[in-house]
Amino acid sequence: MKLVPESSHFQDYLEELNVVNFSHPLIQQAVCELFHQGMPEMEKAKTAYEFVRDRIAHSWDIQSSRITCKASEVLYYREGICYAKANLLAALLRSQKIATDFCYYQRLRLFNSSDQGYCIHALNAVFLRAINRWIHLDARGNKQGIHAEFSLDQERLAFSVQPQWDEQDLPVIYTKPNPKTIATLRENTNALVMYQCHLPENL
C-alpha cells in the first residue's frame, strides 16, 4: 500500500505533543540508554521499535487493568495498549529527529471474531532517509499468533487486514494520534473493560 502523508510539512512529523512528550526526563533517560552517538538512523528506528514491542507489555496480554496514555506513563509503567505504545515509539523516534506518524486499521475484529466487535488498531510509520520512504512499524507486541518484525522489504505487522470482514488498512499517515483513541484512554478507568467494550471502531 502506498502511504499518504496527511501533511506536506515534514516538521509536523517531528513535533512534540502532550502525549508524545519526548522532553520528559524518563524519555530522555531511555534515549540515552537506547541510542549512542553516531548511531545510524535506521539502527535507531529498529532499536526503538524492538524496545517498545518487546519491553513494553500489551495491557491485554498481561491482563492489567491499568491505563496509560502519555509516552512517559507508558515507559514508567512498562505497559499499554496499541494506542499508548504508538505514543511511546513516536516519542523515542521524534526525539532523534526521525519523522514518525500514526497509522490505523479500521474495524479490525477483536479476538478474530466479528461477534465480539471491532476496533481501531494503532501503529506507526517512520520515514527512513536511507531508503527515502515511509515504512510501517507495529509495536503492539508479539505473542502466539502475532509476529511483527522490523522489515524494509515485505511488511511484517501484527495483523493482516481481512477485507471480507470489512476490515480496512487506512493509507493516510497522521501527524497526531487520532482524538478518539486518546479520548478512549482518558475516559476509561479499567483497561480490560475498555479493551473488550469501549474501543472505537471507526476514525
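Which element gives the largest share of the lining of the largest pocket? Strand S5 does, with three residues. The close-ups below all come from a predicted model.

**View 1. The largest pocket and what lines it.** Here we're looking at a pocket holding about 310 Å³ of space. Its lining counts 21 residues, and Phe111, Arg140, Ile146, Phe159 and Tyr195 are the ones that lie nearest the centre. At least two lining residues come from each of helix H4 (82-94), strand S4 (100-109) and strand S5 (118-128). Sort the lining by class and you get 13 nonpolar, five polar and three charged residues.

**View 2. The second largest pocket.** This one has about 180 Å³ of space. Part of its lining is the run Arg133, Trp134, Ile135 and His136, and another part is Ser151, Leu152, Asp153, Gln154 and Glu155; Met1 and Leu3 complete the set. By class, that comes to five nonpolar, three polar and three charged residues.

**View 3. Strand S5, covered on both faces.** Since 11 of the 11 residues of S5 are buried, the strand is largely enclosed by the rest of the structure.

**View 4. The partners of S5.** S4 runs antiparallel to S5, and the two pair over eight bridges. For a landmark in this pairing, find Asp101, which stands opposite Ala125 in S5. S5 also pairs with strand S6 (residues 133-137), again in the antiparallel sense, this time over five bridges. Here Phe127 stands opposite Trp134 in S6; Trp134 also turns up in the lining of the second largest pocket.

**View 5. The turn between S5 and S6.** These two strands make a hairpin, with four residues between them. Zoom in on Asn132 in the turn: its phi is positive, at about 55 degrees.

**View 6. Leu92 in the largest nonpolar core.** This core has 67 residues, and Leu88 and Leu92 touch the most other members. H4 gives the most to the core, with 10 residues. Who does Leu92 meet, once its neighbours within four places in sequence are left aside? The contacts are Ile27, Ala30, Val31, Leu34, Phe35, Ala48, Phe51 and Val52.

Definitions and conventions: Residues are numbered from 1 along each chain as its sequence is written. This is a predicted model: local features need pLDDT of at least 70, side-chain atom pairs count only at pLDDT 80 or more; totals for chains, interfaces and linings use all residues. Side-chain values use heavy atoms; hydrogens and water are left out. On a 1 Å grid over the protein atoms alone, a cavity is a set of points where a 1.4 Å probe fits but cannot get out, and a pocket is an open set with protein on both sides within 12 Å along at least five of seven lines; lining residues have an atom within 4 Å of a point. Grid points are joined across faces, edges and corners, and a volume is the space filled by probe spheres set on the points. Ala, Val, Leu, Ile, Met, Phe, Trp, Tyr, Cys and Pro count as nonpolar, Asp, Glu, Lys and Arg as charged, and the others, Gly among them, as polar. Buried means under 20% relative accessible area, exposed over 50%, partly exposed in between (1.4 Å probe, protein chains only). Two strands pair if DSSP finds at least two bridges between them. A nonpolar core is a set of buried Ala, Val, Leu, Ile, Met, Phe, Trp, Tyr and Cys residues joined through side-chain atoms within 4.5 Å. Contact means heavy atoms within 4.5 Å.
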